[in-house]
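Student: I would like to go through this structure with you, asking at each step what a term rests on.

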Amino acid sequence: MAVTPEIAPVERPVWRPWALMTRHKSIAAGSAIVLLVVLMALLAPVLSPYDPNEVHPLDRLKPIGSPGYLLGADQQGRDMLTRLMWGARSSLAIAVLPLSISAIIGLALGAIAGYLGRLSETLIMRGMDVVFGLPPILLAIAVSATLGPGLVNLMLSLTIVLIPPMTRVTYQVVVGLKEQAFVEAARAAGASSFQIIFSQILPNSLAPTIAYAASLAGAMVVFGAGISFIGLGIQPPDPDWGRMINDGREVLDLKPHVSTLPGLAIFVLAAGFNFLGDGVRDLLDPRMRQ
Amino acid sequence: MSTAEAVELLRVEGLRTHFFTRHGVAKAVDGVDFSLAKGERLGLVGESGSGKSVTALSIMRLVRDPPGRIVGGRILFEGQDLLALDEAAMRRLRGSRLSMIFQDPIAYLDPVMRVGDWIAETLMLHRGLGRKPALTEALRILRLLKVPSPEEVVHAYPFQLSGGMCQRVLIATAIATEPALVIADEATSALDVTVQASILKTLTELTETLGTALLLTTHNMLVVRKACSRVMVMYAGRVVESCATDNLFQAPLHPYTIGLLNSVPALESIGQPLVPMAGEPPLPTDTLPGCAFYARCPLRQSRCQVERPPLQEVRPGRWSACFFAEQAGRMRHAAG
């Protein structure tokens, strides 16, 4: 066997984040936007010119570009730029935390239901159908009515709402994976069901599940803002983008900047997450790393 | 049989694996007997649906249930009946004492796992090695298989490797724990001819050096000729002929084997047209009282339709399931 003509040279995979950025434009755009908002949120205490709840009765509804108020002021004379920076915190938390937690729970439940099947499948998937039947807004109302409104309870209700779709996506992926040849090969090598779930099923279902979660992050920003808009999320006077839109509602015709600026912020962050989500899907597929 | 004096490793008695489908019970394997000695290389030949792969999967107890189930027989491996073992005991045997190589090498490797980890995982499972020593061992096995630049191969993902390379990785996984028996189910069928030859060579060399027995299922007569010392021909879930490989190619004693050989191009018969076999094998859901080959057989008599010919030793070491085995032997000479 001196000559083995069929062997192609092996390219050792190298992790090159910058090359990825230039190849996947949507990752570059998405991460730039999200990074900007994250920096804004983190550095709010340092960079913001005022305290977010500092009231200036004489400067009510100052327009954009007024001296001392770069993006104007709302009807209590609070600085818009300051409140936008602080408001980014809750928007980011709402986008990231419920998704991460529900993705972990959904992965575990979906993998068990999909791979083991039988009773676990019936219990988990039918249970998910029940939770699926709850309208998200109603659940948010129920949670804030019983536990009281606030950021933590909002995230709790979002997590509950997100678990069923996460479980279903994982379940679908796992049911497909279970029939794959390499799972049979692992069984032929003597692996048990739980070893196969950890070594083959979870690593292979991670990419589609995370891609799905990433694609929802933008929608979560919008949804969280909506809950705060109707008064069930962040409570005044704490700054939140959805809350700020509501504040500006009454003066929308005369001073539109009070509502439109947070609206624009929501739009930009949601778009950023969507770009990033698209890119993440490609990134997590090892076949795309070449 | 000629292997009687050698140490017996595997004995399959009356194995019956049926599939319970909407269209009825498919008797994929319906009464298969054979034995395999330590270090022996046995070929299992037959066309698609003849039951050779199901036989292989039954030995591993990997037949998917439902719809498949082993409904009868015994599989004695190293003295214990595999069909009587519980799932945990069977799992400890799989990959350590008996392992399997499959047809489509790329599909049988985990796409998101580096192949080094894939090989190492079996070692970690059965030898209790840590990840580092297991990877070192994986590297040693790849060297043993004469894989070029093994240091790079262990870090590669399956999609970065060729089909032949992936098959070498699967062979490495199968032999890593030095099992007593390797079952190769159509292991070379998806590869092109030159790669096929080198894989077969690797496989035979390895089983020789390690003393591993090999059960090779294939539809390709030439693969058997190259790799196996003994061969069994399967048709419709049963063994129809069993003998040493040389004997089979020189003087087959079953009309089905003769049909198979006549439809394979051979150097000895250059210039002569290939003779394809007429007809189709019976459906696995059919229940035939007589010989399953009756509809396609050139030697058939009315007796064959009502009575099933048993597999019997018609000459020393030559087993055939045909009432007219001697006539079949002469038929081949007439054709050639």
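Student: What pattern does chain A follow when read along the sequence?

Tutor: Chain A follows the pattern α-α-α-α-α-α-α-α-α-α-α, with eleven helices and zero strands, where helices (H or I, at least four residues) and strands (E, at least two) are DSSP runs numbered from the N terminus. This is a predicted model, in which local features need pLDDT of at least 70 and side-chain atom pairs count only at pLDDT 80 or more, while totals for chains, interfaces and linings use all residues. Residues are numbered from 1 along each chain as its sequence is written, and chains are lettered from A and ligands numbered from 1 in the order in which they are written.

Student: What is the span of helix H6 of chain A, and what is it set against?

Tutor: H6(A), residues 136–147, has twelve residues and reaches 16 Å from its first C-alpha to its last, close to the 16 Å expected at 1.5 Å a residue; the expected span is 1.5 Å times one less than the number of residues.

Student: Which residues of H6(A) are called buried, and what puts them on the same side?

Tutor: The buried residues of H6(A) are A:Ala140, A:Val143 and A:Ser144, a residue being buried if 20 or more other C-beta atoms lie within 10 Å of its own, exposed if 12 or fewer, and partly exposed in between, with C-beta atoms placed from the backbone. They cover an arc of only 90 degrees around the axis, which puts them on the same side of H6(A); the arc is that of the directions from the helix axis to the C-beta atoms. An α-helix has 3.6 residues a turn, so residues three or four places apart point the same way. The face of H6(A) turned away from the buried side carries the exposed residues A:Leu138, A:Ala145 and A:Thr146.

Student: What covers the buried residues of H6(A)?

Tutor: The cover includes helix H7 (151–178) and helix H9 (193–229) of chain A, judged by contact, which requires that the C-beta atoms of two residues, placed from the backbone, lie within 7 Å.

Student: Why is helix H3 of chain B called roughly parallel to H6(B)?

Tutor: The axes of H3(B), residues 115–127, and H6(B), residues 163–175, come within 8 Å and cross at roughly 20 degrees. That makes H3(B) roughly parallel to H6(B), because angles under 35 degrees count as roughly parallel, over 145 as roughly antiparallel, 65 to 115 as roughly perpendicular and the rest as oblique.

Student: Which element gives the most to the side of chain A that touches chain B?

Tutor: In all, 26 residues of chain A are in contact with 40 residues of chain B, and H8(A) gives the most to that side of chain A, with six residues.

Terms used
Axes fitted to C-alpha atoms, helices over the stretch in contact; angles between N-to-C directions.
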